[in-house]
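Subject: Handover of a structure

Dear colleague,

Please find the sequence and the structure below. A short account of what was found follows directly after them.

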Amino acid sequence: MTPEELNQAAEREATASTVHDHVVGVCTSTACLASHSDKLKKEFDAAVKAKGLKNVRVKAVGCCGLCASGPMVYVESKANGSSEAATRTYANVASEHVPAVVESLGAAPVAALACDTTQPFFTRQHKIVLESSGVVDPERIEDSFVVGGYQALLKALTTMTPEEVVDTITRSGLRGRGGGGFPTGLKWSTVSKAVGDRKYVICNGDEGDPGAFMDRSVMESDPHRVLEGMAIAGYAVGATEGYLYVRAEYPLAVKRLKLAIKQAERAGLLGANIGGTFFSFKVDVRLGAGAFVCGEETALIASIEGRRGSPRPRPPYPAASGLWGFPTLINNVETFANIAPIVKNGAEWYAALGSGKSQGTKVFALTGKVLNTGLIEVPMGITLREIVYDIGGGPLPGHTIKAVQTGGPSGGCIPEAYLDQPVEYETLVKLGSIMGSGGLIAMDDTSCMVDVARYFMEFCMTESCGKCVPCRVGTVEMHALLTKICEGQATMTDLEQLEELCEVVKSTSLCGLGQTAPSPVISTLRYFRDEYIAHIEHKTCPAGVCSGLKSGAVKAQEVLA
Amino acid sequence: MPTPSPRVAPPSDDKRWRLVEATMRRYNFAPAALIETLHTTQESFGFLEPESLLFVARSLGLPLSRVLGVATFYNYFSMKPQGEHTCVICLGTACYIKGSGQLLAQVEQELGIKVGETTPDGKVSLMGARCIGSCGLAPAGVFDGQVAGKMASATMLAQVANWRAA
């Protein structure tokens with residue numbers, strides 16, 4: 001498909017859609033699917049068919065963001081003759097509401113279901129990565145064409161040299177969205193300069209952090225965006241093959257990515273001679289099999305090669321010697337999803353967003369003890385308080401926010417007092433946490449920080465691959481000490497030992513998993529030492545979580561009632 | 001290039017072995033196909049039996065130790081048959097903060113088994129998940145492949161009890 005053909009395809013699709021005065025979009029992402037939105041979509045189909053409405057299109061779309069209020073449905077209606085569409089968003093839509101919603105097309109909205117899209121949850125977001133999520137049907141490539149899909153790829157192939165693409169990414173200031181924040185342009189230029197008979201591009205979709213589902217949403221809602229980013233990367237660094245490594249726990253993402261690859265190949269946007277140029281790029285999906293450590297790049301490469309996911313010491317970095325020993329570019333799903341808009345709109349446009357050394361936007365999975373949970377995308381530099389209180393709607397009634405956890409098992413807890421700090425890579429590190437891949441979990445007065453630290457240590461202990469001693473043995477020992485504290489059996493000597501172990505494991509482990517495993521402990525000790533002391537000296541759990549201990553000021557919350 | 005033929009005969013004339021062979025053929029019987037092949041095997045047979053591992057090892061020309069090493073390294077692969085029904089409770093951070101730990105303890109008590117085990121009558125397998133990515137619906141679980149969000153203790157225990165009675 002040449003640029004002209006792509007434009008024609010987009011126009012054809014846009015013209016075809018003008019017969020539809022109303023578009024009913026039903027979210028079919030995982031969270032809404034759990035509330036049976038697939039059934040809901042069929043019921044809308046049937047209702048529209050039964051009424052013989054030719055001007056209505058029922059469309060399955062990706063994640064709309066406000067997962068807590070699913071299933072989400074939106075209705076886009078054009079007033080008579082006008083090309084401007086007005087959108088109504090409905091939340092918590094059930095089967096019995098289908099007739100009313102269909103009846104309301106072209107009339108007054110169904111007030112009972114209306115979801116206020118003027119609330120900060122919607123207005124405070126800035127969508128780049130997620131701009132087409134919830135808009136396009138992830139299973140139809142034509143839908144992507146209408147919103148400009150693959151335009152950036154063809155622009156790069158026909159008007160830019162690979163060096164210019166790398167330069168654009170470098171100047172945009174984009175940094176790795178997997179959590180580390182390594183400058184993406186620098187990585188690309190290293191791989192492009194590396195010498196090898198072959199080069200590979202790998203997309204890391206092994207989103208292992210518990211409490212994070214950004215990458216899953218992007219892959220499920222807008223798979224073409226990820227593929228386009230990978231192909232542009234392939235062109236920039238000189239690779240002709242790419243692998244998408246996805247967790248086996250994400251069957252829907254796998255299904256949609258495989259379908260998207262087929263569609264793109266058929267359209268001539270992946271495979272041989274893309275867009276009539278000399279550039280060829282093929283992408284294959286590889287399944288993970290449930291190992292957190294495979295998010296580490298060298299372990300991921302081992303897994304793609306069909307081996308146990310054990311990391312190896314670096315250097316050599318994958319940029320020099322990666323998959324099968326060839327230079328390899330590894331980026332995270334969200335990083336790749338940022339590429340097409342940057343190429344399309346230019347580096348300056350992207351660099352203008354954000355603050356400090358953190359440019360662009362970041363997608364967060366906002367969960368935990370806040371009113372609005374779901375998927376959000378915010379400009380870098382926004383404060384944590386705005387995220388938790390404005391977008392998240394603040395704590396649950398009768399409670400107060402105690403801390404925010406970012407970065408999963410490799411991150412830390414940031415106490416309420418520091419919520420006015422901006423979301424930037426450096427700032428979060430200074431606060432003892434990390435940006436992480438995007439899990440953002442709010443904790444309130446019913447969360448015990450020692451228990452949280454123990455929870456993450458249990459995770460790291462189980463997920464340690466066992467290759468290096470500090471991580472394999474250290475995590476077990478630290479977990480035992482934390483359990484002792486939670487059970488009220490510990491002494492102050494145990495606490496000293498715990499702190500010492502944190503340092504040892506942090507500085508001597510082989511890979512990121514072990515090096516960051518102590519982070520949740522270190523950060524909770526830094527800000528919530530009093531809770532540790534209460535457990536040890538007073539045999540009291542202030543949050544009332546640890547059974548067997550007296551509960552402190554707060555009564556144990558009936559979470560399950 | 002001629003299509004390579006399988007080097008070893010399947011352990012039985014069970015038709016499901018054809019699916020396994022098809023996967024290996026797609027990757028030209030390359031050792032790198034190991035994980036994909038184990039996925040297909042588990043999908044087809046429900047779990048990985050010793051004879052399956054032996055067949056895969058011989059077909060791909062890999063030492064059995066390597067196949068067993070991979071099969072036991074990854075959490076997703078199971079060497080034990082599953083019960084008639086499966087109950088997975090998500091223990092991801094968001095779910096844990098919202099009390100999935102207590103939910104799990106209640107189900108364990110109700111079934112009289114620990115997480116990772118199957119009831120002696122083979123009816124129900126109980127598993128914990130690292131994170132099923134439905135954090136917006138915490139606490140979440142998966143009952144016989146269906147994701148359930150915002151789980152309440154009573155409905156969940158009733159579901160499990162129903163399975164056992166059936």
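I begin with strand β1 (residues 22–27) of chain A, which is mostly covered, with five of its six residues buried. Please note that this is a predicted model.

β1(A) has strand β3 (residues 73–78) of chain A as a partner; the two run antiparallel and are joined by five bridges. In this pairing, V24(A) stands opposite V75(A) of β3(A). β1(A) also pairs with strand β2 (residues 56–61) of chain A, here in the parallel sense and over six bridges. G25(A) is found opposite K59(A) of β2(A). In general, the strands of a sheet pair through backbone hydrogen bonds, either parallel or antiparallel.

A further sheet deserves attention. It is open and consists of four strands of chain A in the order β7-β6-β5-β8, with parallel pairing. The edges are taken by β7 (282–287) and β8 (328–332) of chain A; each has a single partner strand, so one side of each is left without a neighbour in the sheet. From one strand to the next, the twist averages 20°. Strand β5 (residues 200–205) of chain A is paired with β8(A) in the parallel sense through five bridges, and V201(A) stands opposite L329(A) of β8(A).

Which helix lies across β5 and β8 of chain A? This is α14(A), which runs at about 95° to β8(A).

The helix α14 (residues 333–345) of chain A also meets helix α10 (residues 214–221) of chain A: their axes come within 9 Å and cross at roughly 45°. The helices α10(A) and α14(A) are therefore oblique to each other. On the side of α10(A), the contact is made by M214(A), D215(A), V218(A) and M219(A), and on the side of α14(A) by V333(A), E334(A) and A337(A). Sorted by class, the contact of α10(A) with α14(A) has five nonpolar residues, two charged residues and no polar ones.

Finally, I turn to the domains. The domain assignment of chain A gives domain 1 (3–120), domain 2 (148–350), domain 3 (359–444) and domain 4 (449–551). Between domain 1 of chain A and domain 3 of chain A, the C-alpha centres lie 31 Å apart. Their contact takes six residues from domain 1 of chain A and seven residues from domain 3 of chain A. The side of domain 1 of chain A that touches domain 3 of chain A has five nonpolar residues, one polar residue and no charged residues.

Yours sincerely

Methods
Residues are numbered from 1 along each chain as its sequence is written. Chains are lettered from A and ligands numbered from 1 in the order in which they are written. This is a predicted model: local features need pLDDT of at least 70, side-chain atom pairs count only at pLDDT 80 or more; totals for chains, interfaces and linings use all residues. Axes are lines fitted to C-alpha atoms, for helices over the stretch in contact, and angles run from 0 to 180 degrees between N-to-C directions. Angles under 35 degrees count as roughly parallel, over 145 as roughly antiparallel, 65 to 115 as roughly perpendicular and the rest as oblique. Two residues are in contact if their C-beta atoms, placed from the backbone, lie within 7 Å. Ala, Val, Leu, Ile, Met, Phe, Trp, Tyr, Cys and Pro count as nonpolar, Asp, Glu, Lys and Arg as charged, and the others, Gly among them, as polar. Domain bounds come from an automatic or database domain assignment. A residue is buried if 20 or more other C-beta atoms lie within 10 Å of its own, exposed if 12 or fewer, and partly exposed in between; C-beta atoms are placed from the backbone. Two strands pair if DSSP finds at least two bridges between them.
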